[in-house]
Structures are given as C-alpha cells and as structure tokens.
Amino acid sequence: MTPDFSRIPRSRLPELLQRSPKAELHIHIEGSLEPELIFELAQRNGVALPYASVAALRAAYSFTDLQSFLDLYYAGASVLQTEDDFLAMGMAYFERAAADGVVRAELFFDPQTHTVRGVPMAAVIGGLRRACQQAGSRWGISADLILCFLRHLSEDEAMQTLEQALPWRDHFIGVGLDSSERGHPPEKFARVFARCGALGLHRVAHAGEEGPAAYISGALDRLQVERIDHGVRCTEDPELVARLAAQRTPLTVCPLSNVKLRVFPSLAQHNIADLLQAGLCVTVNSDDPAYFGGYLLQNYTALFDALPQLGPVQAWQLARNSLEASFAPLEDRQRWLRQLDDLFASAA
Ligand code: ADE
Ligand code: ZN
C-alpha cells in the first residue's frame, strides 16, 4: 500500500528529490562527455575537431531526431583513446551523480564505437572499471557496467564484440542494445542475447523510443530482457501496457532526452504521469546528460516543474522504482529503500 505522503507540501520537492537515494539505470557514459572535456581530450590525443571552440560545439546541439543526435554523439566519442581518457570521463560523471544523490549507477558503454577506431577493449573496460571502483571509495556510489551492442551494425559484429569482451566478463554485469532503433528490430539480436543469457548476464534493450510498441514486445519475447530502456511508446498497445504493469517490467524513461529528440513536444506533454498512474514501474534517467541539458536531478526537477499532477507521492514512487529496478545486491537495495522511506516519513 502507498503510504500517505500527500500532506508533504510541494515546496519541499526540490529538497526531497535531491536527498532521496536514487539509482540511475539509463546513462550512456559517452553521452556524459561535456564539450570542455571533448576539447581537452582532443588536444591531448591530437584529434582534429570540426568545431572552433567549446561554444561552437555546444551550439551544434540542436537535434531533430535520434539519428541527428547519434551523428554528433559518435563524433564526440572519437576523442577517447586511452584508459585514462575513459577513467576521466567516468569520474566527471560520478562527481555530478554524487551531487545529485545517486547511490547506484549502471553505466551503458558502447565498445564498438571505440574498437572500430583501434582502441583496445582493455582500455575501454579498464578505464571505466577503475572509475566505478573509485566512485565507491570516493562517494560511496555503487556502480557497474552494461555493455551495449550497436543495433545499426550486424548481429555477427555484436557476437564478435561479446567474444572480445569476455576476458573481462567479471567487469560488466549485463548487456544492452542501443543506437538507431527504426529498422533494427530486437529479433535481429536474438542469438547474441541468448548467448548472453547463457553466460548469466543481465539483459536490457532500448525499445519504444522512436520504434513502435511491437519492438517492446519483441525485446521481451525474443531477447528476454529484464528492463526496457525508454519504452514510452508502449501506450500505443493497451495490452502491452497491461502486461508491463502486471509483470512490473521497469521502464527507464529519460524525460529531457525525449524532448530534445522530439519524442514529445514538451515535458508538459510527456506521458510519464500516465505510465505511473497505469501502475508501471517507471524510472527517471538522464540518457546522455551532456547533450540533453541535464543530469539526473535536473531530469527529476524539470519533470516535477512541468507536471502539476506529480507530487511527493510520485517523487517517492519514482525513487523507489529506480532502486527496486536496479541490479544491485538485494541487501543494498533494501538499505536504500529504508533510507528513502525514513526521509519521506520524517517530512510527512
Ligand atoms: N545511444 C546513446 N543515446 C541513445 C538513445 N537515446 N537511444 C539510442 N541509442 C543511444
Ligand atoms: Zn539511451
């Protein structure tokens, strides 16, 4: 039963949203690369950029759809070359995550973006792994990695990438599926996801961001995913909504991303409140915060500013969903959930 936090005044929301222990479950670490760091790494590695300045690069961040963003995102990631570059990128993200009250982060990374340029898998995973460990020792953040396959490439290439990463099997907890969604249905990756399941890896996939609701069903049925990344187009299929609610399949929703990539015209028209109302396990995430105008806390606060039907009960529910949907050990999840409940109980 939902506790009665409805007496908590809305004016307390900014403080409660910040102080709530939260999990971030949908963050592409390459999407946290700020223009300043892109320029610094480009200079360090002798990479020529087609932009004269940080301001000129930032000014180019105006997107019409997913593909227009991905073109810039892959260009930005091309400055990453050494293990230390990946470490620096990870640490810059964790510093912001700590300030936002993140207690758990599950970082997506795109190895194919780097290995195709000759960057060794060891540098990619090694640097990100060190960042996750330092997040724990420096800020008490629990962090793990999820290796994503690029869906615009072939399944054979995904399989080769998996094999290349297996020497570091203990350094990532799962696999995901990202990049251009339309025209690349989940079924295309059924074999590689089956192999990942046999290896005991967690499985998630982007579906229903730009692609149809059928891609969400496809990811559940053909890839056996445990969470759906985005999933906001599920409302086009009422039976699917009922299924997601009954199974409590988590959706990792990214509000600011959805507006920047024109999935919704504005935050006020976002369907997240309807999804919550329908009983779905919705979570809030930042996706590619350096490109979409905000890290995790900004996604929460912008959403609550834009949608008056969201109040303290929903703030508690969204934070709770994020912790429950995480792949962290059960005892950690239970501890954070108790902290969250205590915070709201003391505010009521
Ligand atoms: N890669 C980075 N961000 C992404 C997104 N929002 N959708 C698909 N692929 C991505
Ligand atoms: Zn994403």
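**View 1. The largest pocket contains about 240 Å³ of space.** The model is a predicted one, in which local features need pLDDT of at least 70 and side-chain atom pairs count only at pLDDT 80 or more, while totals for chains, interfaces and linings use all residues. Residues are numbered from 1 along each chain as its sequence is written, chains are lettered from A and ligands numbered from 1 in the order in which they are written, and side-chain values use heavy atoms, with hydrogens and water left out. A pocket is an open set of points on a 1 Å grid over the protein atoms alone, with protein on both sides within 12 Å along at least five of seven lines; lining residues have an atom within 4 Å of a point. Grid points are joined across faces, edges and corners, and the volume is the space filled by probe spheres set on them. Of the 14 residues lining the largest pocket, Q112, T113, T115, V116 and L153 lie nearest its centre.

**View 2. Helices α6 (111–115) and α8 (155–165) each supply at least two residues of the lining of the largest pocket.** The top contributor is α8, with four residues. Helices are DSSP runs (H or I, at least four residues) numbered from the N terminus. By class, this pocket lining has four nonpolar, eight polar and two charged residues. Ala, Val, Leu, Ile, Met, Phe, Trp, Tyr, Cys and Pro count as nonpolar, Asp, Glu, Lys and Arg as charged, and the others, Gly among them, as polar.

**View 3. The largest cavity has a volume of about 100 Å³.** Among the 14 residues that line the largest cavity, H28, L66, L70, S179 and H206 are the closest to its centre. A cavity is a set of grid points where a 1.4 Å probe fits but cannot get out. There are three cavities of 30 Å³ or more. Helix α4 gives the largest share of the lining of the largest cavity, five residues. That lining divides into five nonpolar, four polar and five charged residues.

View 4. Around ligand 1 are H28, L66, F69, L70, Y73, D178, S179, H206, E209, H230, D287 and D288, each with a heavy atom within 4 Å of the ligand. Helix α4 (residues 66–77) gives the most to this shell, with four residues. The shell has four nonpolar, four polar and four charged residues.

**View 5. Side chains of H28, H230 and D287 make polar contacts (N or O atoms within 3.5 Å) with ligand 1.** The distance from a nitrogen atom of ligand 1 to a side-chain N or O atom is 2.7 Å for D287 and 3.4 Å for H230. For H28, a polar side-chain atom lies 3.3 Å from a ligand nitrogen atom. The protein covers 100% of the 260 Å² of accessible area (Shrake-Rupley method, 1.4 Å probe) that ligand 1 has on its own.

**View 6. The second largest cavity has a volume of about 50 Å³.** Its lining is formed by I38, L49, P50, Y51, L57, Y61, L72, A75, G76 and Y291. Helix α4 gives the most to this lining, with three residues. By class, nine lining residues are nonpolar, one is polar and none is charged.

Terms used: A polar contact is a pair of N or O atoms within 3.5 Å; within protein, one must be able to donate a hydrogen and the other to accept it, and residues adjacent in sequence count only if both atoms are side-chain atoms.
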